[in-house]
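Visitor: Please show me how the features of a structural model are read, one at a time.

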Amino acid sequence: MITTEQLYQALKQRFGFSQFRPGQLEALTALTGGHDTLAVLPTGAGKTLIYELYGVVTQQLVLIVSPLISLMQDQVTALNVKGEKRAAALTSLMTYPEKREILRHLAAYRYLFVSPEMLSQDQVLSAFQTTQVGLLVIDEAHCISTWGPDFRPEYLLLGRIRHQLNDPLTLMATATATKQVRNDIKQKLQLPQASEIVQPVDRPNIFLNVETFEARVDKDDRLIELVSSLKKPGVIYFSSKKKANEMAELLTAKTPCSVAAYHADLDPETRFKIQQQFMQDQLDVICATSAFGMGIDKNNVRFVVHYHVPSDLESYWQEIGRAGRDGQQSVAILLYQPGDEQIAQFLSEATVPQENEIHYYFQQAAPRVAGDDKANLIWFYKQHHFSEEQVQQSFAARRDQRLTALRKMMGYVRTPACKRQYIWQYFNQTAGDDEKPVHCCSSEEPAVDFATLGLLDTPAKRQKGDPINQRSAGWQFILQQLFNLNG
Amino acid sequence: MDAQQLMLFLSPTAPRRLRVIENILVGKRTVSTLYWGMRYQQLPWLGYEKQLSRDEMNRAVADLQSRGDVKLDQTNATLTPQGIQSWQNLMQGRYQPKYFSVRLVIDTATLWQRLLLATQVVSEQSYQNHQYYPLQVTWQVKQFIKHWFHRFHRQELQAEFNTFWTVFFTQLPEQQALLMSRMLVGHQRPGETLGQIAHDFKVSESEAKVIVTDLICQLAKRISDCEADSIKSLLMGLNQPLVSASAQQTLQSYLAGTTLEKISQQRSLKLSTVREHLLEAAIMLPKGQFDFQRVLQPELVAEMEKRLAKTPLDAWQFKQVEDLPIDFWQFRLLEILRSKSTDDNH
Ligand SMILES: [Zn+2]
């Protein structure tokens with residue numbers, strides 16, 4: 001039995017902290033007590049610390065199921081940098097011999113990251129069956145519920161896979177989940193009895209701001225103004241890679257800031273460079289797509305802007321959670337133009353097959369046509385012995401669910417009442433007015449002055465790591481810097 | 001791929017097949033693609049944009065069309081008079097690669113990954129820093145550099161790398177040296193992206209990519225001449241043959257005097273495949289390394305040439321000679337021979 005003292009000891013030795021953040025100790029205590037646990041902790045509150053520490057104190061294999069390859073690679077690198085060499089990610093980018101190499105030496109690893117698709121492959125699953133998984137972690141567990149049957153259906157197999165792994169102790173971790181989503185997660189993983197550790201979602205240091213525009217050009221002008229005047233660094237989210245590229249170019253041309261686009265189309269070299277420039281404060285603003293996570297924590301992000309309306313409040317909350325992890329005043333700004341919700345609706349419906357499509361694909365024998373996502377999706381269900389009726393029902397429910405989620409999101413945009421209270425309500429939290437920060441949201445302070453919030457950029461302070469300085473250097477200077485020849 | 005890049009693959013004197021241009025860039029090694037790639041002098045670009053999609057290609061074509069620079073006849077593109085003017089301006093103003101043929105014999109993309117990561121590792125070592133984010137590279141490259149570092153870390157890597165880069169940069173034009181040095185990654189230097197470099201040097205991203213690729217080709221030559229083992233070994237295993245291994249095998253048997261039918265039997269290949277192998281070899285290898293005369297008897301060649309004498313090579317039609325006792329592949333071989341002979345005379 002692991003004692004609380006041991007947990008504190010490991011926290012000190014491994015991470016150099018003497019205090020847990022809210023929720024961490026509770027989750028660890030539940031896990032070491034042998035209870036499957038659903039932990040809802042705000043972004044940046046250190047969900048990863050829970051399973052990292054669990055691996056340290058129990059010396060057992062921790063298997064983490066994670067949705068994004070880029071995220072997995074970043075997490076492995078982060079562990080490597082901290083000196084943990086026994087970490088790896090099994091991804092679809094690996095060749096067969098590479099995968100086999102890892103699967104043959106599972107005992108040599110403490111932390112293994114894997115996508116649900118990878119884990120449902122027979123060869124991978126049977127390798128894990130022969131070893132003892134100390135802790136199964138379902139990271140970003142809300143994906144099980146919010147992605148649903150139309151996107152990456154392998155998530156729905158996780159309950160069954162868990163049984164096939166001999167029911168290992170399980171941690172479901174997420175930053176955002178309504179009561180309904182929490183129940184859905186537990187039901188799909190067949191763990192109705194799991195303990196719940198739920199921390200309040202609120203981030204009082206983030207001012208919640210929504211601005212409405214009549215025309216696209218006004219919105220663009222405002223974005224340029226915001227990026228020029230706000231304290232950096234910042235992140236801007238777009239719903240398409242194309243728009244992210246375009247606006248990164250526009251902002252580079254129209255502001256004195258260094259701006260770059262960051263999305264799944266970047267080659268690994270470029271992705272690395274942009275990520276590291278941003279980490280080292282050599283890049284002011286990143287134009288990102290919401291589908292692309294960034295696995296490296298940056299504490300001092302001062303603003304998160306949404307150029308398009310996200311399709312649900314879960315994603316929105318997750319994304320603005322990148323702001324102000326250091327606890328300093330920050331701002332989340334949603335730029336809304338009437339009609340934007342149609343883009344969101346289109347994007348969220350595009351992946352859900354319609355009734356006639358489902359019927360059509362069900363009649364097909366084995367339509368594994370490369371590139372036809374919907375055919376492949378329906379094929380997946382046929383292969384896993386779902387009836388057409390079941391699939392029709394589940395997708396009908398899915399369409400309703402997506403619409404409801406978008407309606408709730410639009411409720412946030414439109415409500416003249418407190419935005420924060422709207423979010424509290426959505427995530428089933430109750431809190432009184434006295435718990436609100438002094439500067440709360442644009443419903444209460446419609447013409448908020450960013451100077452009052454201390455969020456205006458002071459141009460004089462751009463010195464260290466100034467990319468302009470670095471760029472005027474000659475190649476001789478760069479070599480001196482690279483190989484430490486200044487002495 | 002952007003419109004300007006595409007424009008450079010077109011010709012002011014003759015229509016060009018867009019599918020050939022696309023297939024060369026994607027890296028398809030069919031005989032027809034290779035043959036026309038050779039005629040367009042585009043072979044060094046083989047596999048330059050493996051990810052190129054049809055959509056991207058179509059956008060570039062549409063772009064040129066809407067500017068009035070190009071006319072389309074099905075999928076053949078011809079430059080308009082205005083297009084020829086733009087083409088000439090481009091040829092003068094835009095960077096033209098000089099070392100791309102290195103790409104055909106060395107896996108330069110992997111070499112760059114290795115060199116970039118090795119430079120980062122050595123840079124961090126110069127600062128005795130062990131906790132840093134290494135570049136994201138393929139698993140193979142990561143393993144390679146791990147072993148490489150294990151083997152060489154006791155040597156004066158810091159000095160060797162500094163010397164290597166200094167020598168390389170010194171012999172480059174100042175702008176190119178600066179450009180490449182800014183791509184490098186190391187201690188507290190995340191390096192700059194192609195997009196950032198293009199922006200700062202006021203060129204398009206596609207042109208920046210050509211410049212950098214050409215510089216990497218020069219690097220490959222420099223590395224193979226380098227005396228320091230630590231640097232030379234970065235090339236290990238990256239040489240690639242001009243023709244595929246299977247075609248190479250066919251060529252060996254052919255040069256040893258085996259008949260095509262015999263080769264087909266021995267290797268359980270279709271006769272047509274054996275012929276394609278030989279055509280691939282004839283296109284890719286220097287003229288002297290292929291025995292043209294064994295397939296093309298002098299009397300037959302003389303007869304064909306008589307009939308084709310007045311037709312420019314790219315307008316030759318098999319039907320002009322099809323009553324003679326020859327197959328299409330022999331006709332193609334003559335085209336290859338003719339193409340190589342004229343190019344050599346230039
Ligand atoms: Zn409020």
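Visitor: Does A:E196 count as buried, partly exposed or exposed, and at what relative accessibility?

Guide: Buried means under 20% relative accessible area and exposed over 50%, with partly exposed in between, using a 1.4 Å probe and protein chains only. In this predicted model, A:E196 has 31% relative accessibility and therefore counts as partly exposed. A:K186, in contrast, is buried, with a relative accessible area of 9%.

Visitor: What do the side chains of A:K186 and A:E196 form where they meet?

Guide: Side chains of opposite charge can pair when their charged atoms come close. The term salt bridge requires a side-chain nitrogen of Lys or Arg within 4 Å of a carboxyl oxygen of Asp or Glu. A:K186 and A:E196 form such a salt bridge, at 2.7 Å from N to O. A:K186 belongs to helix α10 (residues 179-188) of chain A and A:E196 to strand β7 (residues 195-198) of chain A, so the pair ties together parts that are 10 residues apart in sequence. Helices (H or I, at least four residues) and strands (E, at least two) are DSSP runs, numbered from the N terminus.

Visitor: How many salt bridges does the structure hold, and over which chains?

Guide: There are 37 salt bridges over all chains. One of them joins A:D340 to A:R216, with the closest N and O atoms 3.3 Å apart. A:D340 lies in helix α15 (residues 340-350) of chain A and A:R216 in helix α11 (residues 216-229) of chain A, so this pair ties together parts that are 124 residues apart in sequence. A:D340 is buried at a relative accessible area of 2%, whereas A:R216 is partly exposed at 29%. A:E444 and A:K436 also meet in a salt bridge, at 2.6 Å from N to O. In chain B, a network of salt bridges links B:E303, B:K306, B:R307 and B:D323.

Visitor: Which residues coordinate the zinc ion?

Guide: Donors are N, O and S atoms within 2.8 Å of the metal (3.2 Å for Na, K and Ca); water is not among the atoms, so sites may look incomplete. Here the SG atoms of A:C418, A:C440 and A:C441 coordinate the zinc ion at 2.2 to 2.4 Å. The spacing of these donor residues in sequence is C-x21-C-C. Both A:C440 and A:C441 are buried.

Visitor: Which strands pair with strand β4 of chain A?

Guide: Two strands pair if DSSP finds at least two bridges between them. Strand β2 (residues 61-65) of chain A runs parallel to β4(A) and is joined to it by 4 bridges; A:L63 stands opposite A:L112. Strand β3 (residues 87-90) of chain A also pairs with β4(A) in the parallel sense, over 4 bridges, and A:A88 has A:L112 as its bridge partner. From β3(A) the chain crosses through helix α5 (residues 96-104) of chain A to β4(A) in a right-handed β-α-β crossover. Right-handed means that, with the strands pointing away from the viewer, the path from the first strand over the helix to the second runs clockwise.

Visitor: Are the faces of strand β4 (residues 111-114) of chain A covered or open?

Guide: Both faces are covered: A:Y111 and A:F113 on one side, and A:L112 and A:V114 on the other, are all buried.

Visitor: Which conventions apply to the numbering and the values?

Guide: Residues are numbered from 1 along each chain as its sequence is written, while chains are lettered from A and ligands numbered from 1 in the order in which they are written. Local features need pLDDT of at least 70, side-chain atom pairs count only at pLDDT 80 or more, and totals for chains, interfaces and linings use all residues, while side-chain values use heavy atoms, with hydrogens and water left out.
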